[in-house]
Amino acid sequence: MPPETATDWPASKVRETFIRFFQERGHQNHQSSPVVPSNDPTRLFANADTYHHTFFEMLGNWSFGDYFKDQAIQWAWELLTQVYKLPEDRIYVTYFGGDEESSLEADDETRDIWLNFLPPDRVLPFGCKDNFWEMGDTGPRGPCTEIHFDRIGKRDAASLVNNDDPTCIEIWNLVFIQFNRQADGCLKHLPSKHVDTGMGLERLTSILQNKMSNYDTDLFMPIFDAIQQATGARRCCGKVGADDVDKIDMAYRVVADHIRTLSFTIADGSCPGNEGREFVVRRILRRALHYGSEVLKGQVGFFSGLVRVVAELMGDVFPEQKCHQLKIRKVIADEEICFGRTLLKGIEKFNKAVQDLQGNPISGQDAFRLWESYGFPLDLTQLMAKERGLVVDVKDFNEAMAEARDRSRSVLNKQLGGAIYMDVDATSELHKRGVSPTDDNYKFVWHKDHENAVKAIYNGAEYINSASVGDKVGIVLETTSFHAEQGGQISDIGSITCSSGSFEVCDVQVFGGFVIHTGSFAGETGKISVGDKVTCKEVLGPHVDQMGSIVLPEKLRFDFTHGKPIPPNDLGKLSQL
């Protein structure tokens, strides 16, 4: 490539060119989605694979049942080679080569389309790991084609594709959503096929500016300049690994990357805390503060001062950066002051814990106390340990952390009243145990009992093998006819009948596709265990709709549809609702 500069292709022009290209081809430009998912406690943040930042900007185009593979590939090729003018002989692409174990055929259609533009030795087949997109155990999915770029050129770089080589990198992923994975594992063709693509702005900009690192582009250099001015540290020289002896260049990259991440997560509504996504935010913030204070020698307040630079760089495209600038700065400044108070005490505690180890691992209990009392995330303690040639007993730390989380979950479930809450760790554990998300298609079958199997029992703190009279637990079934609370609709109530009694369900929630039925046994006997065969019975079911009502001082009437007479026993239950 010619020696392009930031002046020829500033990041703002790269972004604007992408948007305009697709607008001219009938696309609508939609506002960027937040990094903090709304109404989804099972996901901490919007995520994507492959990119080496805690936050990056993804450019993307979508088609919902309109164009498909042929048009998507043609436009990608046109934009890259005719608009951005990337050299054609440095582009490699991958496609799904099939998977016998999963009974998935190769995506020969995509391969053949690419052969109109590239020679066969630069159209490469890969398996499910690299070229079959799926998110979760069920739902839409399909093959994808990745576009890779050789930064060096004038060589055969086919062997470097998908090989973690920084000189041959993926820049664009085109996903062709054509299948739907059923709860039973079957893969069915979707009646309408879709396109979902994603290209990292930082990577594309580094290529167009002829830089070997994203950090050398105009997306990061203004932040680097502000870091240098705020800390007085030497300028960043782009050194990595063993060449970066004093770790200053790494510190620049960590601080610059993390201030972007924090500016967006806080603008989108998240704040530092001790649980879930808030704990991730705190870990990122404190890792940046460690590098900023210990390596770059920045004083308290230097990090929050960088918020202004991010707002200047990103505020025109992401107006929330300017709107919430004062809020973002205050949240980070408060955390700086708070962590600054405990940092020296924590370092003193760390030094005391390691002084007599003589090369032995730092105990997990000591690492946990540093987290609990001084706010040191595990990765920060590991970083400090590595600087002294030591390691941390991670297994022991995880055990201590698990005990603390169990205590926290118990408190949370008490606060929630009748419901039992499943966080990301709880749903992740079900995946690890091979439990599939609950098939809730039976909720559309009116007032019909059906046999079922117990897949897991959760008490709000841990999974247990069985529950009996007096235990309030949540039961995860293989299938369910119960409606979970969602979309403004309260959950069904009813019973789960097993051989030893009736488990009365008082609340139904769904977390990450797993429907959890909270309740306890009625009567003096009853026991339910994982693997038991049971029968579900809701009181009336989802087909019941309100048709009218009247509320007067002397009476109340509620009109609803049901389609048939209600048995006397059910009338009694309804009167108590």
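Helix α7 passes helix α8 in a left-handed crossing. In this predicted model, the axes of α7 and α8 (residues 276-295) come within 9 Å and cross at roughly 145°. On the α7 side, the contact involves I248, M250, A251, V254, V255, H258, T261, L262 and T265, and on the α8 side V281, I284, L285, R287, A288, Y291, G292 and V295. Sorted by class, that contact of α7 with α8 comes to 12 nonpolar, four polar and one charged residues.

Helix α7 has another partner in helix α11. Here the axes of α7 (residues 248-267) and α11 (residues 325-354) also come within 9 Å, and they cross at roughly 115°. With that angle, α7 counts as roughly perpendicular to α11. The handedness of this crossing is right-handed, whereas α7 passes α8 in a left-handed one. From α7, the residues taking part are I259, L262, S263, I266 and A267, and they meet K327, I328, V331 and I332 of α11.

Of its 577 residues, 46% count as buried. Among contacts with a separation of 6 or more, 69% are between residues 24 or more positions apart.

N131 sits in helix α4 (residues 128-131), and its relative accessible area is 0%, so N131 is buried. Leaving out residues up to four places away in sequence, N131 touches T94, Y95, F96, F126, P143, C144, T145, E146 and N162. Among these partners, T94, Y95 and F96 fall within strand β3 (91-96), while P143, C144, T145 and E146 fall within strand β6 (139-150). The C-alpha atom of N131 is separated by 9.7 Å from that of D107, a residue 24 places away along the chain.

T427 belongs to helix α15 (residues 424-432). Its relative accessibility is 5%, so T427 counts as buried too. Neighbours within four places in sequence aside, T427 is in contact with M422, Y463, F511 and F514.

The backbone has a couple of spots worth a look. Most residues other than glycine have a negative phi. S103, however, has a positive phi, near 55°, and is not a glycine. It is placed in the loop between β3 (91-96) and α3 (108-114), and S103 counts as exposed because its relative accessibility is 66%. K154, likewise not a glycine, has a positive phi of about 55°. This lysine is found in the loop between β6 (139-150) and β7 (168-181). K154 is exposed as well, with a relative accessible area of 88%.

As for the cysteines, a search of the whole structure turns up zero disulfides. C498 is buried, its relative accessible area being 8%. C506, by contrast, has a relative accessible area of 42%, so this residue is partly exposed.

How values were computed: Residues are numbered from 1 along each chain as its sequence is written. This is a predicted model: local features need pLDDT of at least 70, side-chain atom pairs count only at pLDDT 80 or more; totals for chains, interfaces and linings use all residues. Side-chain values use heavy atoms; hydrogens and water are left out. A disulfide is a pair of cysteine sulfur atoms within 2.5 Å. Buried means under 20% relative accessible area, exposed over 50%, partly exposed in between (1.4 Å probe, protein chains only). Axes are lines fitted to C-alpha atoms, for helices over the stretch in contact, and angles run from 0 to 180 degrees between N-to-C directions. Helices (H or I, at least four residues) and strands (E, at least two) are DSSP runs, numbered from the N terminus. Angles under 35 degrees count as roughly parallel, over 145 as roughly antiparallel, 65 to 115 as roughly perpendicular and the rest as oblique. A crossing is left-handed if the near helix is turned anticlockwise from the far one by less than a right angle, and right-handed if clockwise. Contact means heavy atoms within 4.5 Å. Ala, Val, Leu, Ile, Met, Phe, Trp, Tyr, Cys and Pro count as nonpolar, Asp, Glu, Lys and Arg as charged, and the others, Gly among them, as polar.
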